Each structure stands twice: as structure tokens, then as C-alpha cells.
Amino acid sequence: MGALGTLLAVTGLAGVVGLGMGGLLGTMFNLNSNRTVGLLLSLAGGVMLGVVWFDLIPEALETDVSVLVVMTALLLGAFAVYGLNTLLDRNGDSHSHTHTEEHLNELQDVDHHKNDHGSLLRAGMVMASAIALHNLPEGMSIGALYASEGGAMGGAALLLAVLVGLHNIPAGMAIAVTMVSGSMAKGKAVLLTALSGVPTLIGALCGFWLGDISELGLALSLSFAGGAMLYVVNSELIPEANLLYRSKLPAFCVIVGVVIAMSFIYYLDFGG
């Protein structure tokens, strides 16, 4: 299997299979624990922050590109996701674009909402669109790290891919259960949930292609993906985790996630 084949296989597992598995588990067992999902999102957000600050950005700064270029691309990545989220919010009316506490509470009280199937189905579709949007920069980050490591799927690229796959499982659960609660067939809900992971592949190809063409391309892809990921983590994952589980534990999970990423990256750089 060539470099691109390996990249597509790994990102496909992280994006499509991760979300599809979550959708399947959600429709089979109806798992809707706010506490569990909130803590998983916090841990995932912390590891992503660690990957950005200890790998993506340092890799970009180690190129021969000006730090101003890195800073500009970082901001552009954040503003790009912000703009896309704004468009998604407008198209989704008053529905949140992630699986917030309101959505999961709706799932837990489906019997009281039998006359509101259309609203739940619409919420599920908006959530699927949002997850698809968020998977694009995550895929870019995997592709850019893969390019920076010379086309070897290991280290931070593999860690990030595994992490994306893990945090896609609860996301897939929330999407599929919401759709099924809105009277969609279980098989169709799982399929649509899995397809929302396809942008991970597109983002990975873009990140790898940009990072493989030149030092400038590598710096731009790493920093743009880093900015996009920082926005997703700080505006979506961490606030959502706090909504789902109102305690101090999500904050500690974020810190633990950062430490895990830092330890993993340090071991690869200095202990391997």
C-alpha cells in the first residue's frame, strides 16, 4: 500500500468507520449518557490542544517560512471554520450544530416528543452536517502531520487519527439516535452518520498535498489546520462537554488530555 493508500485507509477508519460505529452502537443500545460523552469530549479536546501546541505549530515554525505567515494561516484556519459554522447555524435556524445537552435530553425523553419527529430529524441532519464540517480540518491536520513525517503513518499523525476516531464514536451515537428518534430507518441513519465522516478523507488529502509540495505548503497546511482545530476545540468540544456534564471533571479531563499528547510527542521526539 502506497503513502496515499495508507493515509486514506487510516483517515477512513477514523472518520467513516468511527462515526458509523457510533451510529450503530447508538441505534442498537440507545446509549445517551451525558456524563460519559462529556468526559470523552473533554479528553479528546485536551489531546487535540496538545497536538496543536506541541506538534502542529512547532512543526510549522521549524520550516523556513516567516512566523508571520504561520500566524496568519493560523488565524485564517480559525476564521474559515467560524464562517462555515455561521452559515450552518443560519441554515439550521434555531438548532444547535452539535449534540448539545438539549439534543441528548430530547433523546432521553423521546416518548414525550412523539409528535415532534420532524424537529428531531432536522436536528439530526444539522448535527451530521456539523460533524462533517468539523472532520474536514481534523483530516487536514492528519494529512499535514503525515506529510511532515515523510509519509510515515506514525507518531502524532497516528495519535491524532486514533483520537479523531474515538471522539467520532459518541458523535455518531448522538447523530444516529436523533435521526432514529425522528422516525428515520435505523440502517439509513447509520449510513448517513458514517457518510458524514467522508470530509475527513478530503481534508487529509488536502493537508497531505499542501504539506508535500514545499516548505511554504507544509507551513500553511500545518498552521491552517492548527487554527481550525483550535477553533473547533475551544468553541465546540470544550463548551459542549461542560454543557453535557456540569462539574469540574471535564476541566481535569482537558488537562489530562494535554498531558497525554505532550507525553506521547515527547517520547517520540526524545525517547524513541
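Here is a walk through the cysteines and the aromatic ring pairs of this structure.

The model is predicted, with local features needing pLDDT of at least 70, side-chain atom pairs counting only at pLDDT 80 or more, and totals for chains, interfaces and linings using all residues. Residues are numbered from 1 along each chain as its sequence is written, and side-chain values use heavy atoms, with hydrogens and water left out.

Let's start with sulfur. A search of the whole structure turns up 0 disulfides, a disulfide being a pair of cysteine sulfur atoms within 2.5 Å. As for burial (buried is under 20% relative accessible area, exposed over 50%, partly exposed in between, with a 1.4 Å probe and protein chains only), C206 is partly exposed because its relative accessibility is 37%. C253 sits at 18%, so that one counts as buried.

Now the rings. Phe, Tyr and Trp rings (the six-membered one for Trp) pair if their centres lie within 6.5 Å; planes under 30 degrees apart are stacked, over 60 edge-to-face, and the rest tilted. That rule gives 2 aromatic pairs. One is Y82 with Y231, edge-to-face at 6.1 Å centre to centre and 75° between the planes. This pair links distant parts of the chain, 149 residues apart: Y82 belongs to helix α3 (residues 67–91) and Y231 to helix α9 (residues 215–244). Helices here are DSSP runs (H or I, at least four residues), numbered from the N terminus. Y82 is partly exposed at 44%, and Y231 is partly exposed at 22%.

Then there's Y146 with F208: the ring centres are 5.4 Å apart and the planes meet at 40°, so this pair is tilted. It also bridges distant stretches, from Y146 in helix α5 (residues 117–148) to F208 in helix α8 (residues 198–213), 62 residues apart. Both Y146 and F208 are buried.

Conventions
Helix = DSSP H or I, 4+ residues; strand = E, 2+ residues; numbered from the N terminus.
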